[in-house]
Amino acid sequence: MASLVKQLEKAVTDNAEKKLAVVINFIGEPTDEYQEQIAEFAEKNKVEKIALTVTGDAAKFNVGESSELTVMHYKGKQVKFNHSVDKGKLNADAVRAIISGLDTVLE
């Protein structure tokens, strides 16, 4: 996850003129403890340009049960890219696919 976040941070910086924005929404109950873990993750990985949020309402995102990560790239309030990564499969290939998917919103 840290590798993906670092590459997304770079993409936001590199595409500032195109107003690229990234929000990472962690699914789970927004307890103080969970929010503290997210804040620690942000600090440890120097997350500065990405908004990190948490929601307990995963149903509205239609995330699959076997997914560890679901990525949606939006442009004009429309999903242009949707990629799901199964549990234990977040690797360099998955990160590359997600980053290359940014082309769908940067065109």
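**A walk through the fold**

Starting at the N terminus, the elements of the protein chain follow the order α-β-α-β-β-β-α-α. That gives a secondary structure of four helices and four strands. Keep in mind as you look around that this is a predicted model.

Let's take in the overall dimensions before the details. Along its principal axes, the C-alpha trace of the protein chain spans about 40 × 30 × 30 Å. For 107 residues, a compact globule would have a radius of gyration near 13 Å, and the protein chain, with 14 Å, agrees with that.

Now turn to a pair of helices. Helix H1 covers residues 2–14 and helix H3 covers residues 92–100; their axes come within 10 Å and cross at roughly 25 degrees. Angles under 35 degrees count as roughly parallel, so H1 is roughly parallel to H3. The crossing in which H1 passes H3 is right-handed. Which residues make the contact? On H1 they are Ser3, Leu4, Gln7 and Leu8, and on H3 they are Val95, Ile98 and Ile99. Sorted by class, this contact of H1 with H3 has five nonpolar residues, two polar ones and no charged ones.

The strands are our next stop. Strand S3 (residues 67–75) and strand S4 (residues 78–86) run antiparallel, and eight bridges join them. You can trace the pairing residue by residue: Leu69 has Val85 as its bridge partner in S4, while the partner of Val71 in S4 is His83.

How many residues lie between S3 and S4 in their hairpin? There are two, and Gly76 in the turn has a positive phi of about 60 degrees.

Note on methods: Residues numbered from 1 in each chain as written. Predicted model: local features only at pLDDT ≥ 70, side-chain atom pairs only at ≥ 80, totals over all residues. Heavy atoms only, no water. Axes fitted to C-alpha atoms, helices over the stretch in contact; angles between N-to-C directions. Parallel < 35°, antiparallel > 145°, perpendicular 65-115°, else oblique. Left-handed = near helix turned anticlockwise from the far one by under 90°. Contact = heavy atoms within 4.5 Å. Nonpolar A, V, L, I, M, F, W, Y, C, P; charged D, E, K, R; others polar. Pairing = 2+ DSSP bridges. Rg over C-alpha atoms; globule rule 2.2 N^0.38 Å.
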